[in-house]
Each structure stands twice: as C-alpha cells, then as structure tokens.
Amino acid sequence: MTGTPAPGNSGLLVADGVAVELDGAELLAPTTLALAAGTCVAVRGQNGAGKTTLLRVLSGRLRPTAGSVRLAGDALDERRADHRAAVAALIEPPTLYPDLTIQDQLALIEAAWSGARSGSRSEPLERAAIAAPGFGSGAIDHFGLEGLRTRFPHELSSGQRQLVSLAVTFARPASVLLLDEPEQRLDPDRRGLVAKAIERARAQGVAVAFATHDPELVARVADAEVVVGVA
Ligand SMILES: Nc1ncnc2c1ncn2[C@@H]1O[C@H](COP(=O)(O)OP(=O)(O)OP(=O)(O)O)[C@@H](O)[C@H]1O
C-alpha cells in the first residue's frame with residue numbers, strides 16, 4: 001500500500017534540499033533531513049534562521065520552492081487525507097474552541113480520531129498512515145492539566161495554554177510529530193513533561209522533529225540535530 005509507513009522505516013519523512021524563497025528573500029536555505037520511525041531530530045538555528053519555515057514545509061502546509069519532501073516514499077501532499085492523518089504538527093498554536101472546556105476540547109479530538117482507527121471514516125482516512133494511537137484524553141493528565149479540566153481557554157495563563165496546545169497535539173494518532181519550540185513559556189518542570197511526552201511518543205514508533213532554543217531538551221531527547229540558516 002503506498003503511503004503507509006512501515007515500522008522501522010529509516011526514511012519515514014525525508015526532506016531533500018528543501019528551500020523556501022519569497023520575493024527574492026531566502027526564508028529557508030537548502031536543508032536535508034531524514035526522520036525515521038521512533039527517532040527524534042532537533043532543529044536548531046538562531047532567530048529568523050528558518051526553523052518554523054522548515055517545520056511548515058515538513059508538515060506539507062508550505063510548499064518548498066526547491067527540493068522535495070517524501071512521506072513513506074510518496075511526495076508529501078497536504079491534500080491527501082492519509083498524509084494529513086500521518087502528521088501531527090504544533091507549529092502555530094492550534095485554535096482552541098473558546099466555548100469548550102479543556103476536557104471537552106480533548107474529548108472532541110479523541111472522538112474525531114477514534115473514528116479514523118475504527119474505520120468509520122472516509123476511505124482515505126481508513127488508509128491513514130497511523131502508527132501510534134496518541135495519548136487520547138490521557139494527554140490531560142500527562143501535561144498536568146487535571147486541575148484545569150473545567151476551565152475555558154480564556155481562563156488560562158499563556159503557559160497553561162501552551163500545555164493545552166501540547167495536549168491537543170499529542171492526543172491524536174500520528175506517525176510523525178512536528179513541534180515548534182514546544183518548551184516555549186514553560187517552566188523547567190513542565191519542560192520535563194514535554195521531554196517525557198516526546199520519549200513516550202518515540203517509544204510508540206512516532207518520528208519526532210522539534211525546533212527549539214533549549215539545549216537541555218535537545219540533550220535529553222534528540223538523536224540528531226539539524227542546524228538551519230548556515231550556508
Ligand atoms: N510570512 C512571511 N513573509 C515574509 N518573510 C517571512 C514570513 N515568515 C517568516 N519570514 C521570514 O523567514 C525567515 C525565517 O523565519 P522562521 O519563522 O522560519 O524563523 P525561525 O528560525 O523559526 O525563528 P525564531 O527562532 O525566531 O522562531 C525570517 O527571516 C523571517 O523574517
């Protein structure tokens with residue numbers, strides 16, 4: 001079956017010489033990386049180097065102006081439901097439903113994606129390249145949000161909203177996780193929860209790439225580093 005990543009695939013998501021140029025400006029210099037199932041790559045580089053741009057390209061949301069991205073051997077195509085199902089990304093903060101409590105946001109995610117696994121969804125989604133089940137509503141506990149279950153998004157601090165965004169991202173099934181500065185606005189203990197979440201996802205066979213300015217997080221969870229913005 002095309003588009004279905006095999007466990008242990010050494011090149012689940014492969015970016016080959018991807019670059020982004022806009023109106024003559026280079027947003028991302030040519031970058032190559034390969035993400036294997038169950039591994040974790042840190043994307044490093046100074047402010048404005050192109051880390052977020054690279055993650056957007058890897059997610060399929062931004063088409064590179066040079067180079068290519070392949071998911072399980074096929075050209076990455078955001079229009080393909082199985083590709084969207086395979087890749088979970090926390091790049092821009094997800095839009096939280098303002099009128100839903102935190103537990104209801106998670107319940108919604110869990111309900112939506114459980115259909116993908118049970119086969120009650122559309123055919124492309126049935127064929128979705130889903131390797132790991134995600135944390136489901138257990139993401140609330142993982143990210144220490146138990147006490148905030150009945151709160152609404154506007155009742156949270158910015159760090160708490162980041163934790164909810166992480167919970168929403170880790171809750172869903174995925175083969176590939178892309179995280180843009182997952183540690184942002186978090187205290188050291190909560191950064192530890194991010195590290196544990198990445199480790200747990202990896203143990204389930206998920207391929208993880210994250211952009212960061214946190215060397216401790218890199219040392220703890222990354223197998224490899226890609227530095228962008230350096231010629
Ligand atoms: N929509 C846009 N239009 C034009 N230029 C953009 C746009 N978005 C980003 N850029 C530029 O692209 C370059 C790369 O930005 P990007 O957000 O990928 O960097 P980054 O490495 O993630 O930075 P940071 O560490 O500050 O988050 C920067 O020079 C930025 O100014």
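Of the 231 residues of the protein, 44% count as buried. The model is predicted, and it contains eight helices and nine strands. Contacts between residues 24 or more positions apart make up 76% of those with a separation of 6 or more.

**Nonpolar core**

- The largest nonpolar core comprises 67 residues, and Val43, Ala167 and Val176 have the most contacts inside it.
- Helix α6, residues 158-171, supplies the largest share of this core, with seven residues.
- In soluble globular proteins, nonpolar side chains tend to be buried together.
- Once neighbours within four places in sequence are set aside, Val176 is in contact with Leu12, Leu13, Leu35, Ala86, Val87, Val206 and Ala207.

**Packing of α6 against α7**

- The axes of α6 and helix α7 (residues 188-203) come within 12 Å and cross at roughly 5°.
- Angles under 35 degrees count as roughly parallel, and α6 and α7 are therefore roughly parallel to each other.
- On the α6 side, the contact is formed by Gly159, Leu163, Leu166 and Phe170; on the α7 side, it is formed by Arg190, Val194, Ala197 and Ala201.
- By class, the residues of this contact divide into six nonpolar, one polar and one charged.
- An α-helix has 3.6 residues a turn, so residues three or four places apart point the same way.

**Ligand shell**

- The residues around the ligand are Leu22, Leu27, Gly45, Asn47, Gly48, Ala49, Gly50, Lys51, Thr52, Thr53 and Ala211.
- Helix α1, residues 51-59, contributes the largest share of this shell, namely three residues.
- The shell around the ligand divides into four nonpolar, six polar and one charged residue.

**Helix α1**

- Helix α1 is mostly covered, with eight of its nine residues buried.
- The buried residues of α1 are Lys51, Thr53, Leu54, Leu55, Arg56, Val57, Leu58 and Ser59.
- Lys51 and Thr53 are buried residues of α1 and are also among the residues around the ligand.

**Loop residues and backbone angles**

- Asp23 is found in the loop between β1 (13-22) and β2 (25-35), and its phi is near 50°, a positive value in a residue other than glycine.
- Asp23 counts as exposed because 5 C-beta neighbours lie inside 10 Å, and the exposed class extends to residues with 12 or fewer.
- Gly24 is found in the loop between β1 and β2 and is exposed, with 5 other C-beta atoms within 10 Å.
- The C-alpha atoms of Gly24 and Phe143 are 42 Å apart in space, and the two residues are 119 residues apart in sequence.
- Ala72 is found in the loop between β4 (66-71) and β5 (74-75), and its phi is near 50°, a positive value in a residue other than glycine.
- Ala72 counts as buried because 24 C-beta neighbours lie inside 10 Å, the threshold for a buried residue being 20 or more.

How values were computed. Residues numbered from 1 in each chain as written. Predicted model: local features only at pLDDT ≥ 70, side-chain atom pairs only at ≥ 80, totals over all residues. Core = buried A, V, L, I, M, F, W, Y, C linked by C-beta atoms within 7 Å. Helix = DSSP H or I, 4+ residues; strand = E, 2+ residues; numbered from the N terminus. Contact = placed C-beta atoms within 7 Å. Axes fitted to C-alpha atoms, helices over the stretch in contact; angles between N-to-C directions. Parallel < 35°, antiparallel > 145°, perpendicular 65-115°, else oblique. Nonpolar A, V, L, I, M, F, W, Y, C, P; charged D, E, K, R; others polar. Near = placed C-beta within 6 Å.
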